[in-house]
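Morning, everyone. Here is the model for today, so please have a look at it first.

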Amino acid sequence: MTKTSTFSRRYFLTPAECNPQGRMPITLLINRLIEIATLHANELGIGYASLVDRHETWVLSRVAVEMTRYPGVNDHYSITTWVSGINRLFSERDFEITDGEGTVIGHARTVWAVLNTDTRRAADISHMEWVSAYIPADKVCPVAKPARLGPLTEYEAVPYRFTYCDIDFNRHVNSSRYIELLLNQWSLDFHDRNRLTRFEIAYIREAYYDEEVEVRLHPLPDGSAILAELTHDGAPLCRSLLAFSPR
């Protein structure tokens, strides 16, 4: 298989995939980012097949997405990805989202680690540093990297207990369910009037069936965004930033 520095896929947004506003939900977008990152990693020779015998797997650590517009029902859209950095512990990967006419409508930055599936600890990926030769010199992601979000000291808290439909085949809470739980803290009317323009999430710990968590929210003083945190027994599961703009 030929290795390429960038990797693209074209998609079609069906009505069943849309949110109540007839647009692509952020959860589907992030799932698409994971999908295309997986395909490119496989092409580069650092995907599942190269890790399974080492008892290792890629895990998404941090994400930052900025969208000027989301694809709508029956729209075509494309996602292009490339590796933008790699070191002993993390690989950075960027994305560009375009509409059916090729107009750029969004970008994303992600940080990935490799997890040892036996120890559940981060693995050393120094042996992959050759991938830096495939970092494209002409691709620049214009949005800020995911921030290192700290713990909330002031917040409003809402309880939630994870149930059957929150759990995936790994028997822990699916990463999309974290995001859905955060977005469910706002009403349908709020989402009708506002769209998510920047979203960040840092995954910290896996959650499991029947665990009770707190959804903690704290608006920034300048009103530019809301900080969020999911915790279990006071320990963070993920931290997030959500910035909305009027539709």
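Terms first: helices (H or I, at least four residues) and strands (E, at least two) are DSSP runs, numbered from the N terminus. This is a predicted model: local features need pLDDT of at least 70, side-chain atom pairs count only at pLDDT 80 or more, and totals for chains, interfaces and linings use all residues. Residues are numbered from 1 along each chain as its sequence is written, and side-chain values use heavy atoms, with hydrogens and water left out.

Let's start with one proline. Where does P71 lie? In the loop between β2 (56-67) and β3 (76-86). Buried means under 20% relative accessible area, exposed over 50%, and partly exposed in between, with a 1.4 Å probe on protein chains only. P71 has a relative accessible area of 3%, so P71 is buried. For touching, the cut-off is heavy atoms within 4.5 Å. Leaving out residues up to four places away in sequence, P71 touches L13, G22, R23, M24, Y77 and I105. P236 is another matter: P71 and P236 are 165 residues apart in sequence and 32 Å apart in space, C-alpha to C-alpha.

Now the sheet. Two strands pair if DSSP finds at least two bridges between them. Ten strands form an open sheet with antiparallel pairing, in the order β1-β3-β4-β5-β2-β7-β10-β9-β8-β6. β1 (7-12) and β6 (156-161) stand at the edges with a single partner strand each, so one side of each has no neighbour in the sheet. Inside the sheet, β2 pairs with β5 (residues 104-116) in the antiparallel sense, over 11 bridges. One detail there: M67 has G106 in β5 as its bridge partner.

On to the helices. Axes are lines fitted to C-alpha atoms, for helices over the stretch in contact, and angles run from 0 to 180 degrees between N-to-C directions. Helix α3 (residues 175-183) lies across β6, β7 (194-203), β8 (212-219), β9 (226-232) and β10 (235-246). Its angle to β7 is about 135 degrees. After α1 comes G45, with a positive phi near 90 degrees.

Last, the cysteines. How many disulfides does the structure hold? Zero, with a disulfide taken as a pair of cysteine sulfur atoms within 2.5 Å. C165 is in none, and the nearest cysteine sulfur, that of C238, is 19 Å away. Is C165 buried or exposed? Exposed, because its relative accessibility is 64%. C141, at 4% relative accessible area, is buried.
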